[in-house]
Amino acid sequence: MTHGHDVGEARRRLAEAQGRVVAALVAGAAVPEGFDPERMRVQAASLVAKRRSVVARLRPDAAAAAGPDLAAEFAAYARSREEPPPGYRADADDFAAWLRERGRLRDPAPEPRRRWWSRFLR
């Protein structure tokens, strides 16, 4: 049984190490020992840039609201989270909400109510 315990312990240590690497890449946590801090910084910046690019395509209103500050605003938003939301759509909506909380993005205008009979008009 010792072999199974050793494998389980090795898997636990590997999962912990992977968690530290992910935290360093996406949440600005300390770089784990044995990793090049500069390479980790470059990779983390690349991941944030990719997220920002996709979020800007999914929520052009948020990108426009951030304007020339988009890179800085998105970087601040990304640093404020322990990990990205599950999926780009959630990331885009969370970024828009983050901008809204800071007064950078207005609430969407409510859609005008349609009368039941308006579908018969041309």
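These are my notebook entries on a predicted model of one protein chain.

**Ground rules**

I number residues from 1 along each chain as its sequence is written, and side-chain values use heavy atoms, with hydrogens and water left out. Since I'm working on a predicted model, local features need pLDDT of at least 70 and side-chain atom pairs count only at pLDDT 80 or more, while totals for chains, interfaces and linings use all residues.

**Confidence**

I checked pLDDT before anything else (the predictor's confidence in each residue, from 0 to 100). The protein chain averages 89, and 91% of the residues score at least 70. Helix H1 (residues 2–26) has the lowest confidence, at a mean of 87, and helix H3 (residues 60–66) has the highest, at 97.

**Overall fold**

I counted 5 helices and 0 strands, taking both as DSSP runs numbered from the N terminus (helices are H or I, at least four residues; strands are E, at least two). The order from the N terminus on is α-α-α-α-α. The radius of gyration is 21 Å, well over the 14 Å that the globule rule gives for 122 residues, so the protein chain is more spread out than a compact globule. That radius is taken over C-alpha atoms, and the rule is 2.2 Å times the number of residues to the power 0.38. Along its principal axes, the C-alpha trace spans about 80 × 40 × 20 Å.

**Surface, contacts and charge**

I then looked up burial, where buried means under 20% relative accessible area, exposed over 50%, and partly exposed in between (1.4 Å probe, protein chains only). Buried residues make up 25% of the 122. The chain exposes about 9,200 Å², with carbon and sulfur atoms supplying 56% of it; the areas come from the Shrake-Rupley method with a 1.4 Å probe, and for residues only the protein chains shown count as cover.

For contacts I use heavy atoms within 4.5 Å. Of the contacts with a separation of 6 or more, 50% are between residues 24 or more positions apart.

On charge, I get 23 positive and 17 negative side chains, with the centres of the two sets 10 Å apart. Lys and Arg count as positive and Asp and Glu as negative, without His or the chain ends; each charge is placed at NZ of Lys, CZ of Arg, CG of Asp or CD of Glu.

**Residues I clicked on**

Val55 is in helix H2 and counts as buried at 2% relative accessibility. Leaving aside neighbours within four places in sequence, Val55 is in contact with Phe74, Tyr88, Asp91, Ala92 and Phe95. The C-alpha atoms of Val55 and Ala44 are 16 Å apart, with the two residues 11 apart along the chain.

Arg59 sits in the loop between helix H2 (37–58) and H3. Arg59 is buried at 15%, and its contacts beyond four places in sequence are Arg89, Ala92, Asp93, Ala96, Arg100 and Leu105.

Leu70 is in helix H4 (residues 70–79) and is buried at 17%. With neighbours up to four places away left out, Leu70 touches Arg52, Ala56, Ala63 and Phe95. From Leu70 to Met40 I get 22 Å, C-alpha to C-alpha, for 30 residues in sequence.

Glu73 is also found in helix H4. Glu73 is buried too, at 15%, and, residues up to four places away not counted, touches Ala66, Phe95, Trp98, Leu99 and Arg104.
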